[in-house]
Amino acid sequence: MAQADNAADQRWPWWPLLPLYPYGRRRTLVRELIPGQLWSFEQLQGIFYVAVPIRMTVARLRDGLLLYAPVAPTGEVLRALRDLEQQHGLVRSIVLPTASGLEHKLPVPAMARAFPEAQVWVTPGQWSFPLTLPSAWLGFPAGRTRVLGEQGFPHDDELVWLSLGPLDLGLGRFQEFSCLHRASGALLITDALVAISSDPPELFEADPTPLLFHARERGDQPLQDTPEQRRRGWQRLALFASFLRPEALQVPSLRQLLDQAFGPGCRNARSYFGLYPFHWSGSSEQAFDRLIGSQQGRLQVAPVLERLVFPRARAVLLRWLRQLASGPGASELRWVVPAHYDAPVPASAEGMAQLADAIEARPWATDGGNWAYLARLDRLLLRAGVVPDRPAL
Ligand SMILES: [Fe+2]
């Protein structure tokens, strides 16, 4: 779908609710994932240029469209959706498939207002830190919002819904609903599984700044645009997003930080005036290779989930994977479409069973190397009594 790159059309006025890069301007990449059946709407979200793509998936129903995990409904997004409506029928349902992913929740009320006829479905137990508020206060329209599972499921003759969790995380709960779109054989999921490639996603082609920013070794290096720099920057972003603080990363002292700031070629806002609080000591290429292992472009459990959500609940994840491998609709599974990183990823029932076996056979939620920072966080939360020992509800 050809799109003009227009700033007014990419405005997202609600960004202060979750002040993540790229703030008030959201560019959207629209791709047809499966011809005539499934579309991906991708935007960047992140902190301080640590931006990873976030995806809404649009699925065609017999009688209209379903939006799974909405992104910010900028003018650009709404126009592309109206185009799809013209061809395939109206948006019938808007689904928030996760209880915890704030980045997926915030766009929902605005998307619901843009489609006043659509039914809104939410995962139970929405967090509204620090207070638990009724969903109408969070902006979900009271008259047409329903709770997944508790009040049924949308279009359950065309879609197969399955819950991962719920898990009690102390601060709130983790739960997400996967959705098998039977017409295309695509399983839509949110955060549970990802497939990460060593090359940057297409979304960065319009503006590779976040990649070039992180490809540097120090703050006084100007941004340089080469395919190698883009690739290195992307791998570092994926490491950040996966481990929060990967092993090859050291945080320089304030003195070092200021010494390297305002260097020639860096006196501009694009390179944050040379402020770069990261120092890569080891090889980020090697750390990235360890992240994706032999999984290049294939499905794996996101490390943050393994170490912070499921460290003591691997059985819950395995049960979900095995239900996907043998439950209703399993033989129809052809693709997985996660809300982050690559999509669509080829998949099958046997592949899901193998993934479950592999996860069961390997060490789980370890503490060393790239995992050290996440492990420390987990131990801290556990010791403080914030997260429970036995998280299954
Ligand atoms: Fe997410």
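## Ser-93 and its surroundings

Apart from its neighbours within four places in sequence, Ser-93 is in contact (heavy atoms within 4.5 Å) with Leu-65, Leu-66, Leu-67, Ala-118, Gln-119, Trp-121, Pro-154 and His-155. The model is a predicted one, in which local features need pLDDT of at least 70 and side-chain atom pairs count only at pLDDT 80 or more, while totals for chains, interfaces and linings use all residues. Residues are numbered from 1 along each chain as its sequence is written, and side-chain values use heavy atoms, with hydrogens and water left out.

Ser-93 belongs to strand 5, residues 91–96; strands are DSSP runs of E with at least two residues, helices are runs of H or I with at least four, and both are numbered from the N terminus. With a relative accessible area of 2%, Ser-93 is buried, where buried means under 20% relative accessible area, exposed means over 50% and partly exposed lies in between, using a 1.4 Å probe and protein chains only. The side chain of Ser-93 also makes a polar contact with the side chain of His-155, at 2.6 Å. A polar contact is a pair of N or O atoms within 3.5 Å; within protein, one must be able to donate a hydrogen and the other to accept it, and residues adjacent in sequence count only if both atoms are side-chain atoms.

## Salt bridges

Side chains of opposite charge can pair when their charged atoms come close. Over the whole structure a search finds 14 salt bridges, each defined as a side-chain nitrogen of Lys or Arg within 4 Å of a carboxyl oxygen of Asp or Glu. One of them joins Glu-85 to Arg-82, with the closest N and O atoms 3.3 Å apart; because the two are 3 residues apart in helix 1 (residues 75–88), they are separated by about one helical turn. Glu-85 is buried at 12% relative accessibility, whereas Arg-82 is partly exposed at 35%.

Arg-231 and Asp-199 meet through their side chains in a salt bridge of 2.6 Å, N to O, and this pair links distant parts of the chain, with Arg-231 in helix 5 and Asp-199 in the loop between strand 11 (193–195) and helix 4 (209–214), 32 residues apart. The side chains of Arg-307 and Asp-367 likewise form a salt bridge, at 2.6 Å from N to O; here Arg-307 lies in helix 8 and Asp-367 in the loop between helix 10 (349–361) and helix 11, so that distant parts of the chain, 60 residues apart, are linked. Arg-307 counts as buried at 5% relative accessibility, while Asp-367 is partly exposed at 40%.

In helix 7 (residues 284–292) the buried residues are Ser-284, Ala-287, Phe-288, Leu-291 and Ile-292. They cover an arc of only 125° around the axis, which puts them on the same side of helix 7; the arc is that of the directions from the helix axis to the C-beta atoms. Gln-286 and Arg-290 are exposed on the other side of helix 7, and Gly-293, whose phi is positive, near 50°, follows the helix.

Helix 11 (residues 372–383) has buried residues at Leu-374, Ala-375 and Asp-378. Viewed down the axis of helix 11, these fall within an arc of 100°, so they line one face of the helix. Their cover includes helix 5 (227–243) and helix 8 (303–309). In helix 10, Leu-355 is buried, with a relative accessible area of 13%, and beyond its neighbours within four places in sequence Leu-355 is in contact with Leu-193, Leu-299 and Leu-321.

## Aromatic pairs

The whole structure holds 5 aromatic pairs. Rings of Phe, Tyr and Trp (its six-membered ring) pair if their centres lie within 6.5 Å, with planes under 30 degrees apart counted as stacked, over 60 as edge-to-face and the rest as tilted. The ring centres of Phe-153 and Trp-161 are 6.0 Å apart and their planes lie at 10°, so this pair is stacked. Phe-174 and Phe-310 form an edge-to-face pair, 5.3 Å centre to centre with 80° between the planes. Because Phe-174 lies in strand 9 (residues 173–181) and Phe-310 in the loop between helix 8 and helix 9 (314–326), the pair ties together parts that are 136 residues apart in sequence.
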